[in-house]
Amino acid sequence: IQAKIAAADAHLFVATDRLRTINIEDGTILWEYEPDDSKIPSNGPASEFAPTVGSQSIIWAMGDRIVGLYKNTGEKHWHKDTAGPVQASAIVDDKIVVTTKRVEMRFSDPVSRGTLLSLDLDNGGELWKKDLDGLPKYGPVIGDDYIFVSYGSTGAKIEDLIADDMGLIA
């Protein structure tokens with residue numbers, strides 16, 4: 001079984017075809033969330049990425065769907081369907097930033113691109129969206145008033161979006 005794992009507050013958050021929270025000290029399963037629809041791919045883990053853990057919430061991406069769960073109970077409080085598969089996510093304050101994949105046709109050839117999307121952590125409402133010129137391999141990373149994504153193979157191109165212009169800094 002392939003699993004993606006995040007850790008916070010003496011808990012492991014283990015994502016496979018469901019999300020489990022395990023107490024690190026004694027190994028007990030504290031809660032388990034099993035998606036109630038067909039958004040999970042049948043051929044493997046729901047996400048290529050680990051869940052993203054905030055102070056009160058945990059975010060789990062399943063293909064084209066993002067789910068916000070209460071961290072202490074596993075109860076779902078919102079979900080958001082995206083235009084393409086979620087690639088990665090980061091949490092800052094009460095907002096989440098995700099990268100998603102989209103495919104555009106360029107001269108009758110499909111070209112993969114990314115979208116940077118910001119959501120309200122409390123309700124999943126879209127705050128803003130920015131289409132990117134390439135498909136990020138790493139990020140988003142948020143720090144020093146910037147949002148960074150890297151395209152990996154080129155190594156040189158980094159989006160350095162100013163976080164306060166994107167509504168991430170109060």
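Guide: Happy to, starting with the surface. The chain exposes about 9,100 Å², and carbon and sulfur atoms supply 48% of that area. Keep in mind that this is a predicted model.

Visitor: What share of the residues is buried?

Guide: Of the 170 residues in the chain, 44% are buried. The label requires a relative accessible area under 20%.

Visitor: Which elements of secondary structure does the chain have?

Guide: There are 15 strands and zero helices. Four of the strands form an open sheet, in the order β5-β6-β7-β8, with antiparallel pairing.

Visitor: Why are β5 and β8 said to stand at the edges?

Guide: Each has a single partner strand, so one side of β5 (52-53) and one side of β8 (76-81) is left without a neighbour in the sheet.

Visitor: How do you know that β7 and β8 pair?

Guide: Pairing needs at least two bridges between two strands. Five bridges join β7 (residues 65-70) to β8, so the pair meets the requirement. The two strands run antiparallel, and Leu-69 stands opposite Lys-76 in β8.

Visitor: What makes Tyr-33 and Trp-60 an aromatic pair, and why is it called edge-to-face?

Guide: Ring centres must lie within 6.5 Å, and planes over 60 degrees apart count as edge-to-face. Tyr-33 and Trp-60 are 6.2 Å centre to centre with 85° between the planes, so both labels apply. The structure holds one aromatic pair, formed by Tyr-33 and Trp-60. Tyr-33 lies in strand β4 (residues 29-33) and Trp-60 in strand β6 (residues 57-62), so the pair ties together parts that are 27 residues apart in sequence.

Visitor: Are Tyr-33 and Trp-60 buried or exposed?

Guide: Buried means under 20% relative accessible area. Tyr-33 has 10% and Trp-60 has 0%, so Tyr-33 is buried and Trp-60 is buried too.

Visitor: Why is Tyr-146 called partly exposed?

Guide: Its relative accessible area is 32%. Partly exposed covers values between the buried limit of 20% and the exposed limit of 50%, so Tyr-146 falls into that class. Tyr-146 is found in strand β14 (residues 146-150).

Visitor: Which residues make the nonpolar surface patch?

Guide: Val-141, Tyr-146 and Phe-148 make the patch, which is about 240 Å².

Conventions. Residues numbered from 1 in each chain as written. Predicted model: local features only at pLDDT ≥ 70, side-chain atom pairs only at ≥ 80, totals over all residues. Heavy atoms only, no water. Patch = residues over 30% accessible without salt bridge, like charges linked within 9 Å, V, L, I, M, F, W, Y side chains within 5 Å. Areas by Shrake-Rupley, 256 points an atom, 1.4 Å probe, with all protein chains shown as cover. Salt bridge = Lys/Arg side-chain N within 4 Å of Asp/Glu carboxyl O. Buried < 20%, exposed > 50% of the residue type's maximum accessible area, 1.4 Å probe, protein only. Phe/Tyr/Trp six-rings, centres within 6.5 Å; stacked < 30°, edge-to-face > 60°.
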